[in-house]
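Please keep the sequence and the structure in view while reading.

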Amino acid sequence: MSPRRPRIGVMGGTFDPVHHGHLVAASEAAARLDLDEVVFVPTGRPWLKHHKTVTSSEHRYLMTVIATASNPQFTVSRVDVDRPGVTYTVDTLRELRLERPDADLYFITGADAIEQILTWKDADKLWDMAHFVAVTRPGHHLSTEGLPADGVTMLEVPALAISSSDCRRRAGAGLPVWYLVPDGVVQYIAKHGLYRGLSDE
Ligand code: ATP
Ligand code: MG
């Protein structure tokens, strides 16, 4: 019998900043789908957020490294932050597949993101590049209507009503983000004065 192919979760996001909602979604997907690893992939310039101010990719990348450092199953990839131009998931998956031709990829995405997937660049190509895992997210209805049934797995994950937008607003207003993001990320935000005087949304 041939050995089972490695199963790699891919958690794409802006991670501005990374928070416990992201980490719980990745951890739950890893456990429930028997993933060997979850690669967090901070975006370069996110195409859906082009009209907003997004923190530099190096800060977002480093916060993601700090947040995932203690979990031996979690890694962080620079493929998107190092690729010039706007980030599209089709390019992310193409690059990860070239890096890991031996593995099957499981792209993890929240209920809000999966709803938009058909509007993503080359949406019809995505289903052959990875299996999609659509996770529940408080405040969003999870539906995979119109998506290929064998291409998407729905997964209920512990509900954490946390968003990066809210963390940015809180940090900008001087409110605590303790326990919403990992301790090291709280300290990183304070050290670099991120989100101070924020008025982007
Ligand atoms: P923003 O408010 O800036 O959009 P966000 O909290 O939505 O930030 P993203 O970086 O946009 O975070 O999300 C990356 C991925 O993680 C998306 O697929 C999103 O749906 C998912 N996600 C984010 N927060 C949660 C959460 N609390 N529970 C489950 N999934 C989540
Ligand atoms: Mg979002």
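Beyond its neighbours within four places in sequence, Ile-189 is in contact (heavy atoms within 4.5 Å) with Pro-17, Met-63, Ala-171, Val-177, Leu-194 and Tyr-195. The model is predicted, so local features need pLDDT of at least 70 and side-chain atom pairs count only at pLDDT 80 or more, whereas totals for chains, interfaces and linings use all residues. Residues are numbered from 1 along each chain as its sequence is written, chains are lettered from A and ligands numbered from 1 in the order in which they are written, and side-chain values use heavy atoms, without hydrogens and water.

Ile-189 also belongs to the largest nonpolar core, which has 36 residues. Such a core is a set of buried (under 20% relative accessible area, 1.4 Å probe, protein chains only) Ala, Val, Leu, Ile, Met, Phe, Trp, Tyr and Cys residues joined through side-chain atoms within 4.5 Å. Met-11, Leu-35, Val-38, Phe-40, Met-63, Ile-108 and Ile-189 have the most contacts inside this core. Apart from this core lies another, of 25 residues, including Val-10, Val-79, Ala-111 and Ile-114.

Attention now turns to the ligand. Around ligand 1 there are 22 residues (each with a heavy atom within 4 Å), of which Gly-110, Asp-112, Leu-160, Ser-164 and Ser-165 come nearest. A polar side-chain atom of His-19 lies 2.9 Å from an oxygen atom of ligand 1, and a polar side-chain atom of Thr-109 lies 3.5 Å from an oxygen atom of the ligand. Leu-160 places a backbone N or O atom 2.9 Å from a nitrogen atom of ligand 1.

Conventions. Buried means under 20% relative accessible area, exposed over 50%, partly exposed in between (1.4 Å probe, protein chains only). A polar contact is a pair of N or O atoms within 3.5 Å; within protein, one must be able to donate a hydrogen and the other to accept it, and residues adjacent in sequence count only if both atoms are side-chain atoms.
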